Amino acid sequence: EETKQARKDELVALFQEASAAWAEARVGSELRVMVDRMDGLDAVGRTEHDAPDIDGAVRIPAMPLPPGSEVLVRVLYADVDGELVGEVVGSPPQ
């Protein structure tokens, strides 16, 4: 049983490292984001490549946007949970 738990812990750690590296690589890039919901004053959405409730989210602080809005976001940083945080820089190209 200890061996199974150790292997699981190792795989989880590898996944977390890969996820953090992916998120850090997005810093400075511009992504097309669709807003899913508001969380207080922050819009929370996902990129066109992310599945809802599975992949990470993109948080846009202090930006009230209705769900379904599509915006172009510049990623400012990735938080400790791997969530991307960014600012709206415009509307996505059609």
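This is a predicted model: local features need pLDDT of at least 70, side-chain atom pairs count only at pLDDT 80 or more; totals for chains, interfaces and linings use all residues.
Local features were taken at pLDDT of at least 70 and side-chain atom pairs at pLDDT 80 or more, whereas totals for chains, interfaces and linings use all residues. Residues are numbered from 1 along each chain as its sequence is written, and side-chain values use heavy atoms, without hydrogens and water.

Helix H1 spans residues 2–26. Helices (H or I, at least four residues) and strands (E, at least two) are DSSP runs numbered from the N terminus. H1 has 25 residues and reaches 36 Å from its first C-alpha to its last. This is close to the 36 Å expected at 1.5 Å a residue, the expected span being 1.5 Å times one less than the number of residues.

Serine 69 sits in the loop that runs from strand S3 (58–60) to strand S4 (70–78). The serine 69 side chain reaches the backbone oxygen of proline 66 at 2.7 Å. Beyond residues up to four places away in sequence, serine 69 touches Val33, Met34 and Val35, with contact meaning heavy atoms within 4.5 Å.

Glycine 86 belongs to strand S5 (residues 84–90). Neighbours within four places in sequence aside, glycine 86 contacts Arg59, Ile60, Pro61, Val73, Arg74, Val75 and Leu76. Proline 64 lies 22 residues from glycine 86 in sequence and 14 Å away in space, C-alpha to C-alpha.

How values were computed. A polar contact is a pair of N or O atoms within 3.5 Å; within protein, one must be able to donate a hydrogen and the other to accept it, and residues adjacent in sequence count only if both atoms are side-chain atoms.
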